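Trainee: May I go through this model with you, one topic at a time?

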Amino acid sequence: MRHSRKAMLATTVGLGLAASLGGVVPTASAATPGSTASYAAYERSPENQAANQAFFEAVQRSVAEQRAANPGALAVTVTYNTRNAPSFRTQIARSTQIWNSSVSNVRLQEVSSGGNFSYREGNDPRGSYASTDGHGRGYIFLDHRQNQQYNSTRVTSHETGHVLGLPDHYSGPCSELMSGGGPGTSCQNANPNSAERARVNQLWANGLAASGLGSKS
């Protein structure tokens with residue numbers, strides 16, 4: 001994600017969540033592109049940290065807009081499409097199932113086209129990531145090589161966690177989904193822990209953001 005972009009998502013029909021490609025590869029690391037070291041360099045970079053915070057704030061604003069449009073909503077439905085990530089449909093479906101069975105205040109639902117965000121696949125030395133473009137459009141990018149090195153469902157579920165408002169926490173244990181690549185390639189856990197589930201439910205309680213932004217339209 002380009003750190004010069006200010007993330008802002010628009011709500012139209014449903015929740016205007018999005019994730020999009022952007023960004024610069026950090027130059028501080030001489031790690032081989034496409035290696036676990038290069039993924040870690042980007043994951044821990046100021047660019048990515050700023051991008052995650054901007055994404056989190058954008059999610060909150062989107063929920064506030066949804067609340068204004070439908071103040072009686074008890075749950076928010078977030079739609080997505082997988083047209084540009086055919087190789088990862090199984091992992092995406094699994095990560096959606098994981099999140100939908102883990103939280104109650106927000107639901108993920110696939111649509112054939114459009115949607116609030118999309119998944120795409122390809123090759124990028126930064127690995128996989130979720131970001132916003134400031135225009136209500138974007139995607140979760142799934143990197144081929146990283147998904148071969150790490151548990152692919154964990155990668156997909158982790159990136160989807162950003163859509164739901166969770167930041168990265170790479171110093172966490174394998175049992176923490178948002179620790180991402182921190183625990184190493186041997187980590188197989190693709191499920192959020194109890195604290196992560198509670199945080200998402202808190203953020204999306206009654207379709208609202210549990211923040212000061214919740215009072216804004």
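**Cysteines, charges and cavities**

Trainee: Is Cys187 buried or exposed?

Mentor: Cys187 counts as buried because its relative accessibility is 4%. Buried means under 20% relative accessible area, exposed means over 50%, and partly exposed lies in between (1.4 Å probe, protein chains only).

Trainee: Before we go on, what should I know about the model?

Mentor: It is a predicted model, in which local features need pLDDT of at least 70 and side-chain atom pairs count only at pLDDT 80 or more, while totals for chains, interfaces and linings use all residues. Residues are numbered from 1 along each chain as its sequence is written, and side-chain values use heavy atoms, with hydrogens and water left out.

Trainee: Back to the cysteine. Which residue does a disulfide join to Cys187?

Mentor: The partner is Cys174, with an S to S distance of 2.0 Å; a disulfide here is a pair of cysteine sulfur atoms within 2.5 Å. Cys174 and Cys187 are 13 residues apart and link distant parts of the chain, each in the loop between α5 (152-163) and α6 (194-203). Helices (H or I, at least four residues) and strands (E, at least two) are DSSP runs, numbered from the N terminus.

Trainee: And how exposed is Cys174?

Mentor: Cys174 has 26% relative accessibility, so it counts as partly exposed. The torsion about the S-S bond of Cys174 and Cys187 is about 85 degrees, so this disulfide is right-handed. A search of the whole structure finds 1 disulfide.

Trainee: New topic. How many salt bridges are there?

Mentor: The count is 1 salt bridge, taken as a side-chain nitrogen of Lys or Arg within 4 Å of a carboxyl oxygen of Asp or Glu. It joins the side chains of Asp124 and Arg126, at 2.5 Å from N to O. Asp124 counts as buried at 11% relative accessibility, and Arg126 is buried at 6%.

Trainee: What does the side chain of Asp143 reach at 2.7 Å?

Mentor: It reaches the backbone nitrogen of Asp124. The side chain of Asp143 also makes a polar contact of 3.3 Å with the side chain of Tyr39. A polar contact is a pair of N or O atoms within 3.5 Å; within protein, one must be able to donate a hydrogen and the other to accept it, and residues adjacent in sequence count only if both atoms are side-chain atoms. Asp143 is found in strand β5 (residues 139-143) and is buried, with a relative accessible area of 2%.

Trainee: What about Glu121: where does it lie?

Mentor: Glu121 lies in strand β3 (residues 117-122). Its side chain has a polar contact of 2.7 Å with the side chain of His144 and reaches the backbone nitrogen of Ser87 at 2.8 Å.

Trainee: Last topic. How many cavities of 30 Å³ or more are there?

Mentor: There are 2 cavities of 30 Å³ or more. A cavity is a set of points, on a 1 Å grid over the protein atoms alone, where a 1.4 Å probe fits but cannot get out; lining residues have an atom within 4 Å of a point. Grid points are joined across faces, edges and corners, and a volume is the space filled by probe spheres set on the points.

Trainee: How much space lies in the largest cavity, and what lines it?

Mentor: The largest cavity holds about 170 Å³ of space. It is lined by 19 residues, of which Glu43, Ser128, His158, Glu159 and Tyr170 are the closest to its centre. The largest share of that lining, 5 residues, comes from α5.

Methods: 1 Å grid on protein atoms, 1.4 Å probe; cavity = no way out; pocket = protein on both sides within 12 Å on 5 of 7 lines; lining within 4 Å.
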